[in-house]
Amino acid sequence: MTKPNQHRHGVILMLILALCFTANALFIRALGTAQDVDVWLLSCVRFVVGLGLIWIVYPIGASGFQPKHLFQKRRLITRGILGGLSIYGFYYTIVHLGAGRATFINNTYVIMGGLLAVVLLGERFRAALLGGSLLALTGLALITNAFGTGAGISIN
């Protein structure tokens, strides 16, 4: 594939991903308003579907998906546990707070990553980090309408 075709293909795949992510969040929210939703079951279904897609996309073998690594590599195990907990938390917040607010909270991990790099890794706190964090929070709030329709920030 040539560079323009790869770029176009990548953009199309990202748009499909964004559409699927949005549909997933709205579907979970609709389930939450229609009936009591078992967030644990939704998380497990996502795990099974995701694992199935990995098996379809990557062939099992030396250069592809190796399921034994899921149980042998400490960092992969840790990433899986933390990822699973974050999925559960995200789905839980979608059901109880709505898709917009849950997405806002979920996407603040990018900002927290930059701030934690200052605390945990000893990186310098720069004005660009502060400005970028505030700009990102503002953009997230505008995109997700996190503080709209009577929502507000409170300690309760």
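Me: Leaving aside neighbours within four places in sequence, which residues is Tyr-91 in contact with?
Reply: This is a predicted model, in which local features need pLDDT of at least 70, side-chain atom pairs count only at pLDDT 80 or more, and totals for chains, interfaces and linings use all residues. Residues are numbered from 1 along each chain as its sequence is written, and side-chain values use heavy atoms, with hydrogens and water left out. Contact means heavy atoms within 4.5 Å. With its neighbours within four places in sequence set aside, Tyr-91 is in contact with Asn-24, Ile-28, Val-39, Leu-42, Ser-43 and Arg-46.

Me: Is Thr-103 buried or exposed?
Reply: Thr-103 is found in helix α5. Leaving aside neighbours within four places in sequence, Thr-103 is in contact with Phe-90 and Thr-144. Its relative accessible area is 14%, under the 20% limit, so Thr-103 is buried.

Me: What is the angle between the planes of Tyr-88 and Tyr-92?
Reply: Rings of Phe, Tyr and Trp (its six-membered ring) pair if their centres lie within 6.5 Å; planes under 30 degrees apart count as stacked, over 60 as edge-to-face and the rest as tilted. Tyr-88 and Tyr-92 are 4 residues apart in helix α4, which means that about one helical turn separates them. Tyr-88 is partly exposed at 32% relative accessible area, and Tyr-92 is partly exposed at 41%. The pair is stacked, with 6.3 Å centre to centre and an angle between the planes of 20°.

Me: How are the rings of Phe-90 and Tyr-91 arranged: stacked or tilted?
Reply: Both Phe-90 and Tyr-91 are buried. Together with Phe-21, these two residues form one aromatic cluster. The centres of Phe-90 and Tyr-91 are 6.2 Å apart and the planes are at 40°, so the pair is tilted.

Technical notes:
Helix = DSSP H or I, 4+ residues; strand = E, 2+ residues; numbered from the N terminus. Buried < 20%, exposed > 50% of the residue type's maximum accessible area, 1.4 Å probe, protein only.
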